[in-house]
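I opened the file and listed what I wanted to look up.

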Amino acid sequence: NYDNASKIADKLLAENPRDVDVMVVYGFGMLWKKDYDKSENLFARVMELAPDYGDAAIGLIKNYTWSGRWDRLRRFIAANGERFKKNSYTRPDVLMAELRIEQIDHPDDMTARAIELANAILKDDPKNRAAQSVLRGAASPVVSKTLREAERAIARQQLPEAERLYARAVELDPANDDVWLSYARVLSWNGKYTDALTILGRVLDRSPRNADALNVQARILAWSAKTDDAETVYRKILAIEPSSVEAKQGLADVLRWLGKLDESLKLSAEVVAAAPDDEAIAANHARLLGQMGRHEDAIQFLKSFLDRHPDAAQARGALANEYSATKRLTDAVNELRKNIQLDENNKNNYLALGKLYSWQDQTDQAVSIYQTVLDRDPENVDALVGLGNTYRYAGLNDRAMAYYQRALAVDPESTDAQESLRIIQEASAPQARVRYSIRKFDDADPPNRPIRTKSYTEERIVDYK
């Protein structure tokens, strides 16, 4: 509980403003909370009072690395690196910082300096995966270059190209399980679940307790609707790493999909306790409470979270959903408008807001919101269907059909547009109620017995013609 810890630390520092041990503990707490500015100030103050305090140096290195403030990391290492490399406790962190800086300065080259730093790191930490990766890349420059190109393809959302590059990388370095894991991830992102699971099976045959591979395997099993198998794998991970937040969250999600809501909620609460300031975890927890019908509990939980993190857009979106579920549409609208102020480029906020206005028959407001999306993205199918729905709710079916047809011109497979268009067409066609009998195969018989047919009577509304 970072808030309570902060209160205790502030009280102790009020009594003794020069207590560097309290400052260090407080600094790491703020680091894990991702309050990088406060964490930096605390560690920097320790360095002023006790210049050789190793944990404060490590704290600053982690702060600048996690926050991506590389210029500050450079300045700190330039001023203090050599001094802290003389201490075996702080040396690995300083060397890793120097290696990261070298890789940033030379993203496309495996320099002699990077190899030197990797070897130095492995003397202190023989299992350091980053250093091992550098040496493997040095042994095979082609593999290293291929992996960098694959990572760039992922950053550009060019997943088929990333898949091709990782396939090439595993051909060049078939013994590297980390490359196989990356390849499996990309295959799963491209919907090739069976291929990804086959690769993970090979990795796990070699390393049955590889938690990274097990987590990827469990996630893919869940995505491919093999939820019972996913549950088994997540439980295996927790037997290996009982405190794994990632595995607990994954298992909680799977249990929710399986309808085991009480056990899912218990796990979700453990995850929240372990990471109380993670908005994705908070939103998941609230979603589970809502699924259990505990909408007011979800609302209070999210409001408390937003009191501490008012800029948490994902949590605010979850709060809007809970207000919608309890028919508090005005409150939901207010939360979505706050989200738009936080991030005016997020289309999902506009689409959700347009839908709420449509439900409240506020046609002009809904049209304005959807048009904002279309001004930026004229072929946004969700906005086109949303505008069609808005006009349909207002009884303006001709306008509605025009937008549904525009949506289908962009995406002929849009089920939302197809279904909405069908509703209008059926509502406007002459109809009759018809009762008729049909004969169907009786597939209840075992396959080794003759198939019989039975007569069924159905009543259906059909087009008069």
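I started with S244, which sits in the loop between helix 14 (227-240) and helix 15 (245-257). Helices here are DSSP runs of H or I with at least four residues, numbered from the N terminus. The model is predicted, so I note that local features need pLDDT of at least 70 and side-chain atom pairs pLDDT 80 or more, while totals for chains, interfaces and linings use all residues. Residues are numbered from 1 along each chain as its sequence is written, and side-chain values use heavy atoms, with hydrogens and water left out.

Is S244 buried or exposed? Its relative accessibility is 10%, so S244 counts as buried (buried is under 20% relative accessible area, exposed over 50%, partly exposed in between, with a 1.4 Å probe and protein chains only). Leaving out residues up to four places away in sequence, I found S244 touching N215, I237 and L238 (contact means heavy atoms within 4.5 Å).

Next I checked helix 11 (residues 177-189). At 1.5 Å a residue its 13 residues should span 18 Å, and the end C-alpha atoms are 19 Å apart, which agrees (the expected span is 1.5 Å times one less than the number of residues). Of the 13 residues, 10 are buried, so helix 11 is largely enclosed by the rest of the structure. Among the buried ones are W180, L181, Y183 and L187. The buried residues of helix 11 pack against helix 9, helix 10, helix 12 (193-206) and helix 13 (211-223).

I then took the pair helix 9 (residues 141-155) and helix 10 (residues 159-172), whose axes come within 8 Å and cross at roughly 160°. Axes are lines fitted to C-alpha atoms, for helices over the stretch in contact, and angles run from 0 to 180 degrees between N-to-C directions. The two helices are therefore roughly antiparallel (under 35 degrees is roughly parallel, over 145 roughly antiparallel, 65 to 115 roughly perpendicular, the rest oblique). Their crossing is left-handed, meaning that the near helix is turned anticlockwise from the far one by less than a right angle. On helix 9 the contact includes V142, L147 and I154; on helix 10 it includes L165, Y166 and L172.

Last, I looked at helix 5 (residues 70-85) and helix 6 (residues 91-105), which pack at about 140° with axes 10 Å apart. That makes helix 5 oblique to helix 6. This crossing is left-handed.
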